[in-house]
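Q: I am new to this structure and would like to learn how to read its features one at a time. Could you take me through them slowly?

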Amino acid sequence: MSWLGNFKKKLHVLQSISPKDVLEILKSFEDFLLKEIKGKDHGLYERFKGLVKIKATKLAVVGDIHGDLGSLREIIGKLDEKLYGSEEAVTVFLGDYIDRGVESFETIMSIIMLKLEEPEKIVMLRGNHEPPENLIPYPHDFPFFLKMRFKDSWKKIYEQFFNIFQLLPLAAYVESKLFLVHGGIPVNTPSLKELALASEKPKLLEELLWNDPSDFIDEWMPSLRGAGKLFGINVTKKFIKQNNFVGIIRSHEPCDGFKLNHNGLVLTVFSRKGYPYFNRYASIVVINTNELKNMQYVIKHVVVF
Ligand SMILES: [Mn+2]
């Protein structure tokens with residue numbers, strides 16, 4: 001059993017954790033992120049501002065979890081089995097840890113504890129449900145569940161979570177191979193340098209967290225979500241050419257495990273099941289980046305459950 005198998009046993013502490021202990025864990029994660037965001041090389045990945053460069057050979061990618069602790073437990077089991085035997089590997093979570101599911105607190109807390117256990121092996125990207133102040137998604141029922149569970153302490157805990165949301169990285173990449181993001185590609189196809197600074201540019205941040213690919217347009221159009229845009233195949237082709245990628249993995253849209261857009265250049269993974277989406281399957285991706293030459297390889301390594 002790897003560290004993940006052992007970690008699973010520790011999760012029972014969440015059943016009765018005190019507000020004080022929650023705040024302590026969140027504070028140490030905030031301190032970690034405050035240091036990391038200035039620029040830090042962890043060996044298996046390095047971070048500068050909003051952008052993470054993955055250097056590990058083994059890589060797993062996990063999509064939206066949205067408060068579904070059952071799916072998260074299943075995913076940890078799969079990662080344990082497929083990834084963390086003896087090799088050094090990184091797992092990238094694509095964001096949207098909370099809202100919609102009844103176990104939002106337990107879900108995001110489990111992932112934060114996982115991150116703090118082996119910081120260089122876990123990357124937590126930001127989703128649109130880890131929002132900036134000016135762009136709160138609907139539903140945002142996370143505060144409601146905190147109130148139910150922590151009574152008067154909920155506000156302090158929520159504020160601490162909110163501080164953390166502002167510090168999470170916005171995108172990750174494997175050099176000359178893959179780009180990873182929650183929503184999608186901004187339609188003006190920024191450089192990686194510009195993306196690293198996106199948290200200071202509200203429009204760019206919005207597009208990274210909210211955009212969706214569409215096969216019905218070539219360029220782009222406004223999104224029915226009320227935030228972000230739909231981006232067409234020309235945006236994808238231009239972005240991957242200018243940054244030398246073979247394709248993109250993102251999440252954000254519910255689907256039966258996974259779906260493809262733009263002739264297979266964009267893979268969507270959705271990693272939770274059940275209410276309120278009614279999808280039958282969820283999926284993650286587990287790859288060896290040395291073997292990754294095209295998106296066919298990535299698509300072959302989607303793990304459906
Ligand atoms: Mn989303």
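A: Let us begin with burial: a residue is called buried if 20 or more other C-beta atoms lie within 10 Å of its own, exposed if 12 or fewer, and partly exposed in between, with C-beta atoms placed from the backbone. This is a predicted model, in which local features need pLDDT of at least 70 and side-chain atom pairs count only at pLDDT 80 or more, while totals for chains, interfaces and linings use all residues. Residues are numbered from 1 along each chain as its sequence is written.

Q: How many residues of β5 are buried?

A: Strands (E, at least two residues) and helices (H or I, at least four) are DSSP runs, numbered from the N terminus. Five of the five residues of β5 are buried, so β5 is largely enclosed by the rest of the structure. A89, T91 and F93 point one way from the strand, whereas V90 and V92 point the other way.

Q: Which strands form the sheet, and in what order?

A: Two strands pair if DSSP finds at least two bridges between them. Here five strands form an open sheet with mixed pairing, in the order β6-β5-β4-β15-β16; the edge strands, β6 (122-124) and β16 (302-304), each pair on one side only. β4 and β5 pair in the parallel sense over five bridges, with L59 and V90 as bridge partners. β5 and β6 also pair in the parallel sense, over three bridges, and there F93 has M124 as its partner.

Q: What kind of unit do β5, α4 and β6 make?

A: A crossover is right-handed if, with the strands pointing away from the viewer, the path from the first strand over the helix to the second runs clockwise. β5, α4 and β6 make a right-handed β-α-β unit.

Q: What span should helix α4 have?

A: The expected span is 1.5 Å times one less than the number of residues. For the 14 residues of α4 (residues 104-117) this gives 20 Å, and the end C-alpha atoms are 20 Å apart, which agrees.

Q: Where do the buried residues of α4 pack?

A: Contact requires C-beta atoms, placed from the backbone, that lie within 7 Å. The buried residues of α4, among them F105, I108 and I112, pack against α1 (3-10), α2, α3, β5, β6 and α5 (142-150).

Q: Is L34 buried or exposed?

A: L34, which lies in helix α2 (residues 19-36), is exposed, because 12 other C-beta atoms lie within 10 Å.

Definitions and conventions. Contact = placed C-beta atoms within 7 Å.
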